[in-house]
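Trainee: I have a new model on my screen and would like to learn how to read it. Could you walk me through a few features?

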Amino acid sequence: HLGRIYQPFLSANQTGPSMIFAAPEGNMHEFGALLAAILAAVQGYRTHYLGPNMPAQDLIASVEALNAEKLILGANSIPR
(Lines give C-alpha, C1' and ligand atoms only; values in the text may rest on other atoms or scores of the structure.)
Protein backbone atom coordinates (compact mmCIF):
# COMPACT_ATOMS: atom_id res chain seq x y z
CA HIS A 1 0.00 0.00 0.00
CA LEU A 2 2.84 2.41 0.75
CA GLY A 3 4.24 1.82 -2.72
CA ARG A 4 0.95 3.00 -4.19
CA ILE A 5 1.17 6.19 -2.14
CA TYR A 6 4.73 6.76 -3.34
CA GLN A 7 4.13 5.97 -7.04
CA PRO A 8 2.52 9.31 -8.07
CA PHE A 9 5.51 11.23 -6.76
CA LEU A 10 7.90 9.36 -9.05
CA SER A 11 6.42 11.08 -12.09
CA ALA A 12 5.80 14.43 -10.38
CA ASN A 13 7.98 17.41 -11.16
CA GLN A 14 10.10 17.36 -8.00
CA THR A 15 12.60 20.21 -7.78
CA GLY A 16 14.26 19.71 -4.39
CA PRO A 17 17.59 18.04 -3.66
CA SER A 18 18.04 14.45 -4.82
CA MET A 19 17.90 11.83 -2.07
CA ILE A 20 18.37 8.04 -2.11
CA PHE A 21 16.59 5.81 0.40
CA ALA A 22 17.57 2.19 1.01
CA ALA A 23 18.48 -0.43 3.60
CA PRO A 24 22.08 -1.67 3.62
CA GLU A 25 23.14 -5.21 2.84
CA GLY A 26 21.91 -7.67 5.44
CA ASN A 27 18.99 -5.46 6.46
CA MET A 28 15.57 -6.40 5.20
CA HIS A 29 13.97 -3.61 7.23
CA GLU A 30 12.53 -1.35 4.52
CA PHE A 31 9.48 0.18 6.18
CA GLY A 32 11.33 3.16 7.68
CA ALA A 33 13.24 3.95 4.50
CA LEU A 34 10.10 3.74 2.35
CA LEU A 35 8.11 5.90 4.74
CA ALA A 36 10.93 8.46 4.83
CA ALA A 37 11.03 8.49 1.01
CA ILE A 38 7.30 9.18 0.88
CA LEU A 39 7.58 12.02 3.40
CA ALA A 40 10.50 13.57 1.49
CA ALA A 41 8.64 13.27 -1.83
CA VAL A 42 5.60 14.99 -0.34
CA GLN A 43 7.90 17.87 0.64
CA GLY A 44 9.17 18.20 -2.95
CA TYR A 45 12.48 16.34 -2.77
CA ARG A 46 13.58 14.23 -5.74
CA THR A 47 13.58 10.76 -4.20
CA HIS A 48 14.91 7.39 -5.30
CA TYR A 49 13.83 4.38 -3.26
CA LEU A 50 16.14 1.41 -3.83
CA GLY A 51 14.72 -1.05 -1.30
CA PRO A 52 16.28 -3.39 1.26
CA ASN A 53 19.50 -5.41 1.30
CA MET A 54 21.57 -3.07 -0.89
CA PRO A 55 25.31 -3.85 -1.10
CA ALA A 56 27.62 -0.94 -0.25
CA GLN A 57 29.17 -0.82 -3.73
CA ASP A 58 25.73 -0.57 -5.33
CA LEU A 59 24.78 2.25 -2.96
CA ILE A 60 27.94 4.17 -3.90
CA ALA A 61 27.31 3.61 -7.61
CA SER A 62 23.70 4.78 -7.21
CA VAL A 63 24.71 7.96 -5.40
CA GLU A 64 27.17 8.75 -8.19
CA ALA A 65 24.84 7.80 -11.07
CA LEU A 66 21.88 9.75 -9.68
CA ASN A 67 24.03 12.65 -8.45
CA ALA A 68 22.27 12.34 -5.10
CA GLU A 69 22.98 14.88 -2.39
CA LYS A 70 21.81 12.61 0.44
CA LEU A 71 21.81 8.87 1.17
CA ILE A 72 19.35 7.80 3.85
CA LEU A 73 19.67 4.26 5.20
CA GLY A 74 17.02 2.43 7.16
CA ALA A 75 18.29 -0.41 9.30
CA ASN A 76 17.15 -2.50 12.23
CA SER A 77 20.74 -3.32 13.24
CA ILE A 78 24.23 -2.08 12.49
CA PRO A 79 26.69 -4.75 11.33
CA ARG A 80 29.92 -4.96 13.33
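Mentor: Happy to. Let us begin with S62, which counts as buried because its relative accessibility is 16%; buried means under 20% relative accessible area, exposed over 50%, and partly exposed in between, with a 1.4 Å probe and protein chains only. This is a predicted model, where local features need pLDDT of at least 70 and side-chain atom pairs count only at pLDDT 80 or more, while totals for chains, interfaces and linings use all residues. Residues are numbered from 1 along each chain as its sequence is written, and side-chain values use heavy atoms, with hydrogens and water left out.

Trainee: Where is S62 placed, and what is S62 in contact with?

Mentor: S62 sits in helix α3, residues 56-66. Helices (H or I, at least four residues) and strands (E, at least two) are DSSP runs, numbered from the N terminus. Contact means heavy atoms within 4.5 Å. Setting aside neighbours within four places in sequence, S62 touches I20, L50 and N67.

Trainee: What is there to notice about the phi of N67?

Mentor: Most residues other than glycine have a negative phi. N67 has a positive one, near 55°. N67 lies in the loop between α3 and β3 (70-73) and counts as exposed, because its relative accessibility is 62%. N53 also has a positive phi, of about 60°, although N53 is not a glycine. N53 belongs to strand β2, residues 46-54, and is partly exposed, with a relative accessible area of 36%.

Trainee: Which residues make up the largest nonpolar core?

Mentor: In soluble globular proteins, nonpolar side chains tend to be buried together. A nonpolar core is a set of buried Ala, Val, Leu, Ile, Met, Phe, Trp, Tyr and Cys residues joined through side-chain atoms within 4.5 Å. Here the largest has five residues: M19, F21, A33, A37 and A40. The elements giving two or more residues to this core are β1 (18-24) and α2, and α2 gives the most, with three.

Trainee: How much of the chain is buried?

Mentor: Buried residues make up 30% of the 80 residues in the chain.
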